[in-house]
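Please keep the viewer open as you go.

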Amino acid sequence: MASNAEIKEQFAEREYNAGFVTDIDSDTFPPGLNEDVIRAISAKKDEPQWLLDWRLEAYRHWLTMSEPTWAAVDFKSTDYNAISYYSAPKSKKDGPESLDDVDPKLLETYEKLGIPLREQAFLAGVQNIAVDAVFDSVSVATTFKGKLKDAGVIFMPISEAVQEYPELVKQYLGSVVPQGDNFFAALNSAVFTDGSFVFIPKGVRCPMELSTYFRINAMNTGQFERTLIIAEEGAYVSYLEGCTAPMRDENQLHAAVVELVALDDAQIKYATVQNWYPGDENGVGGIYNFVTKRGECRGKRSKISWTQVETGSAITWKYPSCVLKGDDSVGEFYSVAVTTNCQQADTGTKMIHIGKNTTSTIISKGISAGRASQSYRGLVRIGKDAEGARNYTQCDSLLLGDKCGAHTFPYVEVKNPTAKLEHEATTSKIGEDQLFYCQQRGLSEEDAVNMIVNGFCKDVFDVLPMEFAVEANRLMEVSLEGSVG
Amino acid sequence: MNVATQRQHAKTLFAQAGLPTKRNEHWKYTDVSHLSDMAQTQSTAQTIQTPTTTLGIQNLDAYVLVFNNGAFVEALSSLPQGVDITSVASLLAEENHKLTDLFTLSGEEPLFNGFLALNAANAADGAAICIKANTKLDKPLYIKHISNQNITLRHGIYFEAFAEAEIIEHYLGVDDNAGLSNVSTNFILGTGAQCKHYRLQQEGSKQSHIGRVEVKQYQDSNYQMHAVELGGALTRADIVVNLAEQGASCSLNGLYVLAGRQHVDHHTRIDHTAPHCTSHENYRTVLDGRSHGVFNGKVVVHEGAIKTDSAQSNGNLLLSKHAQIDTKPELEIYNDDVKCAHGATVGQLDDKQLFYLRSRGISEESAQELLTFAFADAVLASMRNEVVRRYVEQAAFAKLPHGEELEELLA
């Protein structure tokens with residue numbers, strides 16, 4: 001029998017396929033952060049005065065804050081003056097009019113990553129998908145803009161939205177995650193460079209999946225993108241996000257903010273496949289992924305659902321949350337997090353029940369291998385007036401190897417007796433009996449492990465959009481690559 | 001080292017730590033700012049004159065130790081054979097007593113805080129008990145505390161190899177005086193020792209209670225705790241168990257029955273530091289009025305603690321619109337060969353169950369009482385001592401609005 005330890009080792013030694021660097025001329029700010037840098041970013045984007053003031057306010061607030069230390073992660077703190085806050089591929093001044101104007105090297109990059117920037121069928125025969133590609137600090141291309149516009153959907157880089165729909169941006173920016181929300185959100189508010197803006201007007205069902213693909217390329221930079229999604233009454237949108245970065249020995253910072261707003265009867269599905277470079281087997285290099293994601297169900301019967309597959313990043317620090325303000329609103333969180341080698345992840349969600357009869361579901365699956373450490377940190381809060389609120393939480397951890405760790409820190413705060421909450425958590429390794437069962441039916445040990453891991457994650461993969469379910473499955477397989485044959 | 005040096009050391013630790021505030025993660029839900037003065041004031045022991053024999057559990061055949069406002073009352077106590085009981089006061093005088101270990105404090109203990117330092121520094125008295133190897137106590141040891149002012153007590157109970165005993169720790173109040181009980185009980189369980197520990201808290205309505213139970217378990221020892229929280233205004237208890245050697249096992253059972261503006265906070269922490277250890281935890285809370293319950297249960301499985309089996313369950317029943325519960329069952333695991341699970345629920349009584357009982361002719365109030373009782377009884381059922389269990393059931397009934405009816409119903 002191939003030893004279990006071997007499989008674990010192979011699992012831990014998965015390869016990172018997106019680690020190449022694109023050699024492209026870029027326009028990068030020198031490292032450092034001060035008000036002049038913020039003014040320069042704002043000037044680059046030709047932003048209105050109110051936005052500059054908003055950024056400066058955030059920056060001044062940020063100066064008074066200190067980096068949080070409560071997460072169960074261990075890392076060398078970032079020197080915020082040693083990174084550059086803006087890097088963009090040099091291109092024609094007015095930005096690409098069509099794909100033909102986009103630097104072929106960029107197109108090649110995205111092709112290599114399997115992201116279709118040409119408006120072609122994604123996975124032949126399957127529904128089309130609109131992509132906004134963000135390269136370092138700027139959005140380089142957005143596909144299907146025209147088709148979406150016909151449907152009334154606005155999908156564009158946030159920097160363009162600031163120019164074209166300043167009122168909408170002004171109304172919603174920072175309304176879910178205020179500038180001073182936390183250390184990284186404040187930093188992001190001050191220096192955010194690009195990201196996607198989505199607006200689905202009343203009664204519109206977005207005709208295709210929207211997707212943003214984030215790529216860090218330049219050295220010594222941080223990526224600070226900001227995504228804002230608004231679904232008006234009765235609107236529906238499904239949004240996907242993917243991320244990769246080159247393999248480097250230094251740690252790069254990614255501090256994003258995502259804000260979702262759902263009005264009456266609106267529904268937003270937000271899925272992430274996060275595959276930032278995780279660092280090598282000794283924990284050198286990798287991305288620090290410090291992200292603030294929050295959705296607000298403002299309207300009655302609105303629904304926000306977060307799905308995430310976290311396989312990358314040296315350190316992940318991320319809590320996609322739902323504020324359930326509207327009566328009968330629904331929040332969901334489905335997560336699979338895989339940490340191997342020296343990766344550390346502290347992730348989870350917050351469900352804040354404010355409205356009546358609000359429901360939330362949390363399914364979190366963690367897989368920890370090698371010397372990795374992983375924590376689920378969640379909060380379910382039932383406010384005084386949240387009559388009939390309901391929550392179900394399940395967080396399971398699977399451990400592969402005797403050096404890894406898995407922790408659970410669920411906070412439950414209830415101030416209303418009509419609430420009904422259930423929380424369950426288990427931690428174990430792959431059962432010897434399960435392995436034995438599969439093997440005696442002729443499966444090799446690695447296939448058996450693969451199958452069991454997939455089964456463990458099934459609850460979450462099932463709710464992923466089809467395209468991403470394929471990618472997620474592939475990512476899991478990459479994790480196990482090398483153990484077959 | 002002698003006890004006096006230990007106390008001096010504890011004073012230094014307190015000076016460094018101060019009292020916890022709500023900014024401290026472990027004290028987030030429990031505000032103790034109003035206890036600061038009481039914590040640092042030593043009342044001169046005033047003996048309570050009320051006839052203390054009628055208080056507490058009656059018809060209990062047990063060895064008794066009575067502490068009246070923190071002072072040991074020998075006349076009311078009866079001591080067993082095969083057990084050494086020394087008062088802390090007399091330990092102070094002695095050098096290198098083996099029980100000194102029970103009084104050390106490093107400041108590195110899990111859930112260490114200013115109250116604990118004050119406790120070690122100021123404890124006026126307490127029982128230092130040693131149960132000799134292979135001794136099995138024929139009757140429980142009932143430690144009865146009656147207090148209505150600020151008291152600081154520190155007990156240490158040492159079980160030598162294969163010793164067995166049942167310890168009933170009971171905190172009783174007599175009137176509405178406001179005071180603070182700062183009490184701690186340390187256990188060391190030698191190889192194969194077995195300890196059943198009942199910890200009943202029924203202090204006066206204005207009394208605050210800061211307690212700590214610390215247990216260190218050696219090979220194959222077994223520790224069972226039943227904590228029942230009924231009285232007091234504000235109660236905080238830290239239960240810290242270290243499964244230090246192979247084969248040790250523990251089970252922690254807790255029940256809060258709260259009403260009015262009562263506040264109870266239990267933080268439990270179980271460290272699995274050795275292989276093949278088992279821990280079980282079952283906490284239930286019944287909250288009425290404007291009461292506030294807090295539960296934090298943490299299980300840490302250290303590297304190398306293989307074949308750990310740990311299960312934790314926490315159920316919370318809210319009976320009133322203004323009651324509040326904050327619960328946090330935590331797992332910290334550094335090892336793959338483990339089986340750990342925890343579960344927590346919050347809810348009110350099930351409408352369907354109420355309907356079932358009512359359709360069988362039981363009044364709505366009685367049906368509610370019955371279901372509430374059944375919920376709480378899941379914890380009480382594990383109490384092996386019938387007399388204690390009966391006493392707790394009655395005391396808990398008395399706190400529910402239609403307790404007498406229920407008594408009849410179940411009689």
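A residue is called buried if 20 or more other C-beta atoms lie within 10 Å of its own, exposed if 12 or fewer, and partly exposed in between, with the C-beta atoms placed from the backbone. B:Gln262 counts as buried because it has 25 C-beta neighbours inside 10 Å. Before going further, please note that this is a predicted model, in which local features need pLDDT of at least 70, side-chain atom pairs count only at pLDDT 80 or more, and totals for chains, interfaces and linings use all residues. Residues are numbered from 1 along each chain as its sequence is written, while chains are lettered from A and ligands numbered from 1 in the order in which they are written.

B:Gln262 sits in the loop between strand E13 (249-258) and E14 of chain B; helices (H or I, at least four residues) and strands (E, at least two) are DSSP runs, numbered from the N terminus. Two residues are in contact if their C-beta atoms, placed from the backbone, lie within 7 Å. Not counting residues up to four places away in sequence, B:Gln262 touches B:Gly232, B:Ala233 and B:Ser291. Its C-alpha atom is separated by 7.3 Å from that of B:Arg290, 28 residues apart along the chain.

Now look at A:Met451, which is found in helix H10 (residues 445-461) of chain A. A:Met451 counts as partly exposed because it has 14 C-beta neighbours inside 10 Å. Leaving aside neighbours within four places in sequence, A:Met451 is in contact with A:Cys438 and A:Leu443. From A:Met451 to A:Leu435, 16 residues apart in sequence, the C-alpha to C-alpha distance is 9.7 Å.

Two strands pair if DSSP finds at least two bridges between them. The pairings below can be followed one after another in the viewer.

| Strands | Bridges | Direction |
|---|---|---|
| E14(B) and E16(B) | 10 bridges | parallel |
| E16(B) and E18(B) | 10 bridges | parallel |
| E24(A) and E18(B) | six bridges | antiparallel |

B:Val264 has B:Gly293 in E16(B) as its bridge partner, and B:Val299 is partnered by B:Leu331 in E18(B). Where E24(A) joins E18(B), A:Val414 stands opposite B:Ile325. How many of the 10 residues of strand E16 of chain B are buried? Nine are, so to speak, mostly covering the strand's residues 292-301. 

**Where the chains meet**

In total, 29 residues of chain A are in contact with 30 residues of chain B. Strand E23 (390-400), strand E24 (405-414) and strand E25 (420-429) of chain A are the elements that give two or more residues to the side of chain A that touches chain B. The residues on that side divide into 13 nonpolar, nine polar and seven charged. Here Ala, Val, Leu, Ile, Met, Phe, Trp, Tyr, Cys and Pro count as nonpolar, Asp, Glu, Lys and Arg as charged, and the others, Gly among them, as polar.

**Domains and core**

The domain assignment of chain B gives domain 1 (3-245) and domain 2 (350-411), with bounds that come from an automatic or database domain assignment. The C-alpha centres of domain 1 and domain 2 of chain B lie 31 Å apart. Their contact takes 13 residues from domain 1 of chain B and 11 residues from domain 2 of chain B. On the domain 1 side, strand E7 (164-173), strand E9 (194-202) and strand E11 (222-229) of chain B each supply at least two residues, and E9(B) gives the most, with four residues. The residues of the domain 1 side divide into eight nonpolar, three polar and two charged.

A nonpolar core is a set of buried Ala, Val, Leu, Ile, Met, Phe, Trp, Tyr and Cys residues joined through C-beta atoms within 7 Å. The largest nonpolar core has 236 residues, of which A:Val198, A:Ala231, A:Val237 and B:Phe159 touch the most other members. At least three residues of this core come from each of domain 1 and domain 2 of chain B. Leaving aside neighbours within four places in sequence, the contacts of A:Val237 include A:Val198, A:Ile200 and A:Ala231.

**Chain A as a whole, and its confidence**

Chain A has 11 helices and 25 strands, and 55% of its 485 residues count as buried. Among its contacts between residues at least 6 apart in sequence, 83% join residues at least 24 apart.

The predictor's confidence in each residue, from 0 to 100, is called pLDDT. Chain A has a mean pLDDT of 82, with 84% of its residues reaching 70 or more. Among the elements of chain A, helix H1 (residues 4-12) has the lowest mean pLDDT (56) and strand E20 (residues 350-353) the highest (95). Over residues 92-96 of chain A pLDDT stays under 50, and the model has five contacts beyond four places in sequence for them. Residues 480-485 of chain A also stay under 50, with 13 contacts beyond four places in sequence. Where pLDDT is low, the predicted coordinates should not be read in detail.
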